[in-house]
Amino acid sequence: RMLASSDNAHTLRLWDVQTGECFKVLSDNCRAWSIALSPDGAILASGSDDKLVRLWDVGSGECLKTLSGHTSLLFSVAFSPDGNILASSGDDRLIKLWDIRSGECLKTLQGHGSLVWSVRFSLDGRILVSGSHDKTIKLWDVRSGECLKTLQGDSSEVWAIATAPDGRTLASGSADGAIALWEIETGERVRTMRSPRLYEGMN
């Protein structure tokens, strides 16, 4: 029912999907590279180039909390399925897990050799998946912070990650135009799809 967007004018917008109307504009001081809506639609999270994560009340448009701890700009934010934890990642190679209610940083995950473009939770919320400029995908145990598996991507950085509704599969999108499907439990690559037209256009 609702879509959120960010732009270069340092504004966050909330849209009604059925009518196509923008029903709220939130003013931010910095460019938000990534945004995410909580599962219940009550909170909007933004990760900006000022190294901060902000939590916004969708109803009032008020900034509820500002979370600090990253040392460089942020590229990705994602809510856990229950809405209690937010993951953030960015140019500092760090992944942080935040308690939404308190704003406390629960864990800092380290292991990638370069910036982390994308983070996503598994359907059950027990695993966090990250894709990095270092061409790898990592699976993390949310409770312990342990890296469970490292999946080797293609010969290009991993820009985007998505987890499937079945909870067993994840997809990764790389800078070379490849989309790979992986089994979460085994870490096995199931399929690779390529778009030559997309690849040519990016060059």
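**Close-up views of side-chain contacts**

The structure holds three aromatic pairs. The model is a predicted one. The legends below take the rings, then the charges, then the cysteines.

**View 1. Trp 33 and Phe 75 form an edge-to-face aromatic pair.** The ring centres are 5.5 Å apart. The planes make an angle of 85°. The pair links distant parts of the chain. Trp 33 is in strand β4, residues 32-37. Phe 75 is in strand β8, residues 74-79. Trp 33 counts as partly exposed, at 38% relative accessibility. Phe 75 counts as buried, at 12%.

**View 2. Phe 75 also pairs with Trp 117.** Here the centres lie 4.6 Å apart. The planes meet at 35°, so this pair is tilted. Phe 75 lies in strand β8 and Trp 117 in strand β12, residues 116-121. The pair therefore ties together parts that are 42 residues apart in sequence. Trp 117 counts as partly exposed, with 24% relative accessibility.

**View 3. Ring pairs join four residues into a cluster.** The members are Trp 33, Phe 75, Trp 117 and Trp 159. Phe 75 takes part in the pair with Trp 33 and in the pair with Trp 117.

**View 4. A charge sits over the ring of Trp 33.** The charged end belongs to Arg 31. Its distance from the ring centre is 4.1 Å.

**View 5. Arg 13 and Asp 7 meet in a salt bridge.** A search of the whole structure finds four salt bridges, and this is one of them. The side chains come to 3.5 Å, N to O. Arg 13 is partly exposed, with a relative accessible area of 28%. Asp 7 also counts as partly exposed, at 26% relative accessibility.

**View 6. Arg 54 forms a salt bridge with Asp 50.** The closest N and O atoms are 2.7 Å apart. Is Arg 54 buried or exposed? Arg 54 counts as buried, because its relative accessibility is 8% and the limit for buried is under 20%.

**View 7. Asp 124 and Arg 126 form a salt bridge.** Their closest N and O atoms are 2.9 Å apart. Asp 124 counts as partly exposed, at 46% relative accessibility. Arg 126 is exposed, with a relative accessible area of 59%.

**View 8. Cys 105 and Cys 147 are too far apart for a bond.** How many disulfides does a search of the whole structure find? The search finds zero. A disulfide needs two cysteine sulfur atoms within 2.5 Å. For the sulfur of Cys 105, the closest cysteine sulfur is in Cys 147, 17 Å away, so the gap is too far for a bond. From the side of Cys 147, the closest cysteine sulfur is that of Cys 105, again at 17 Å. Cys 105 counts as partly exposed, at 30% relative accessibility. Cys 147 is partly exposed too, with a relative accessible area of 29%.

Key. Residues numbered from 1 in each chain as written. Predicted model: local features only at pLDDT ≥ 70, side-chain atom pairs only at ≥ 80, totals over all residues. Heavy atoms only, no water. Buried < 20%, exposed > 50% of the residue type's maximum accessible area, 1.4 Å probe, protein only. Phe/Tyr/Trp six-rings, centres within 6.5 Å; stacked < 30°, edge-to-face > 60°. Helix = DSSP H or I, 4+ residues; strand = E, 2+ residues; numbered from the N terminus. Lys NZ or Arg CZ within 6 Å of the ring centre and 35° of its normal.
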